[in-house]
Amino acid sequence: MNTEILQEQKPKSHLKGLRTVAAIEIAKGIGAVVFGIWVLSFREKDIGDMMANLLDRLHVDPAHEFAVKLVSMADRITPEKVEVAVLYALIRFTEGYGLWNARTWAEYFALISGAAYLPWEFWEFVRRPNWFHATILVVNVAVVLYIAYVRFAVHRESSHRAPPVSVT
């Protein structure tokens, strides 16, 4: 069956939800690109030292747990992570494009990629329960469940329709 015909058969009610998920994925891609550009802009500098200097200017106690974690995270940022950010952004943009256009392949891709992150996100929440980790986990569980609902609803609706009659 032609892809255009399949796309027309999808319920229009799902298009708004798919486009919402697409917008989330595109926003993730933009965030990864911004992160990559930011890292590249500091490639000649020690980001950990920069963070320590910033915290000092803000009169934050360098021994405070928050300050130690922030400097430690900044020390782990390297230009090599830009490659990962670019790859991640390309994946998010591709998924976003496909979902925006209600492509079946993108729905399956979103299910697989979203479900792949869930164990790690759950572990992060269990390890460090806070609002940030809880929000990320809840949003991604909701996205995976919604995409699964769309896939199965479309499959169920298409299996109940009579096949198109061709006039010859």
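**Notebook: cores and a helix pair**

I started with the largest nonpolar core: of its 16 residues, Leu18, Val21, Leu99, Leu111 and Ile147 touch the most other members. A core here is a set of buried Ala, Val, Leu, Ile, Met, Phe, Trp, Tyr and Cys residues joined through side-chain atoms within 4.5 Å, buried being under 20% relative accessible area with a 1.4 Å probe, protein chains only. I then checked who supplies this core: helices H2 (12-41), H6 (104-127) and H7 (131-160) each give at least two residues. H7 has the largest share, seven residues. Helices are DSSP runs of H or I, at least four residues, numbered from the N terminus.

Housekeeping: this is a predicted model, where local features need pLDDT of at least 70 and side-chain atom pairs count only at pLDDT 80 or more, while totals for chains, interfaces and linings use all residues. Residues are numbered from 1 along each chain as its sequence is written, and side-chain values use heavy atoms, with hydrogens and water left out.

I looked up Leu111 next: leaving aside residues up to four places away in sequence, Leu111 touches Val144, Ile147, Ala148 and Arg151 (contact means heavy atoms within 4.5 Å).

Last, I took H3 (47-57) and H4 (65-75), which pack at about 150° with axes 7 Å apart; the axes are lines fitted to C-alpha atoms over the stretch in contact, and angles run from 0 to 180 degrees between N-to-C directions. H3 and H4 are therefore roughly antiparallel (over 145 degrees). Their contact residues are eight nonpolar, one polar and two charged, with Gly counted as polar and Asp, Glu, Lys and Arg as charged.

How values were computed: Parallel < 35°, antiparallel > 145°, perpendicular 65-115°, else oblique. Buried < 20%, exposed > 50% of the residue type's maximum accessible area, 1.4 Å probe, protein only.
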